[in-house]
Amino acid sequence: MHVAVVGAGTMGTGIAHVCAAAGHEVSVRDLEPNLVMDAIDTISTRLGTSADRGELSQREVDEALDALDGTTGLSSAVAGADLVIEAIPEDLDAKREVFADVEDHVGEDAVIATTTSSLSVSAIAAGLKDPERAVGLHFFEPPNGMALVEVALADQTSDETAAFAEEFVDELGKTPVVVTDTAGFASSRLELALAVEAMRLVEQDVASVSDVDAAMELGHDHPVGPLELTDRVGLDVRLDVLEHLHDELGDRFEPPAILREKVENGNTGKKVGRGFYVWEGGDPTDVADDEDYDIEDVI
């Protein structure tokens, strides 16, 4: 299968890696050449690591690399694609524009998926001439380490498209969970409810950042604590999603003050090296010292 991933950020790169490792022909597209090159380099490194660990054979890695391509051109990226996965930031108008542009360059049988975790898939699909081909594929960070993919069905999604999406996820070696198109779907609402409470515990000096994460990792067998996960996803991304859910679902999703302050100060997580943790070499090395944060200033 030819899979095109539009958007070479953290999530897009991770999805492209998972698809390449599963043996698909993969095209990665972004507007910025450096992002495309970084994505290809990252995927190549990760595939090599999989070979070192015995998860893939060297032949499988070589074949995946031969079938991996990066470009800044949309038409060349999606030409002949069976599935196009949009992985750009959470902006409804931008996603609808990408969907419409993609539809102009793919065959009539191609499925077009969005990775949104909070926006309406139905609203994104509404810009298509054939919205029945649209579906949500909500991967989790990091895509290669998480077994779940949420398949979000738009109001317009056909039964054929839904079946295709479920089969695709299953062939990636992941478990598809099918949900209707509601704000935050199921997983984001559950995850963000936990993340919001974790932030408030730190905000109110109930427990430290590391202790909050340890409580969920050791006490509830979570692979990553909610605050480290927030850093990995991006605090700015978390804030955007929470603001949307707050508008749609009410005060239980009101963004905590500590989150707003960190984003205002540019401390948006792993991608900048500082969020709830300090990051070096792709790993959290220490809890961030929030001496620039004063809860009294933002309440």
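Visitor: Where does UniProt place the feature "domain: 3-hydroxyacyl-CoA dehydrogenase NAD binding"?
Guide: The model shown is predicted. The feature comes from an unreviewed UniProt entry, which places the domain at residues 2-181.

Visitor: How much helix and strand does the chain have over residues 2-181, and how far apart are the end C-alpha atoms?
Guide: Helix makes up 42% of the chain over residues 2-181, and strand 22%. The end C-alpha atoms of this stretch are apart by 26 Å.

Visitor: Which residues does the annotation "domain: 3-hydroxyacyl-CoA dehydrogenase C-terminal" cover, and what is the strand content there?
Guide: According to the unreviewed UniProt entry, this annotation covers residues 184-279. Over residues 184-279 the chain is 61% helix, while strand accounts for 3%.

Visitor: What span should helix 7 have, and why?
Guide: Helix 7 holds 13 residues, 159-171.

Visitor: Within what arc do the buried residues of helix 7 fall?
Guide: The buried residues of helix 7 are Thr161, Ala162, Ala165, Phe168 and Val169. Seen down the axis, they line one face of the helix, because they fall within an arc of 130°.

Visitor: Which exposed residues does the face of helix 7 turned away from its buried side carry?
Guide: An α-helix has 3.6 residues a turn, so residues three or four places apart point the same way. On the face turned away from the buried side of helix 7, the exposed residues are Asp159, Glu160 and Asp170.

Technical notes: Residues numbered from 1 in each chain as written. Predicted model: local features only at pLDDT ≥ 70, side-chain atom pairs only at ≥ 80, totals over all residues. Heavy atoms only, no water. Helix = DSSP H or I, 4+ residues; strand = E, 2+ residues; numbered from the N terminus. Expected span 1.5 Å × (residues − 1). Buried < 20%, exposed > 50% of the residue type's maximum accessible area, 1.4 Å probe, protein only. Arc of directions from axis to C-beta. UniProt positions renumbered as here; feature names shortened; annotations may be inferred.
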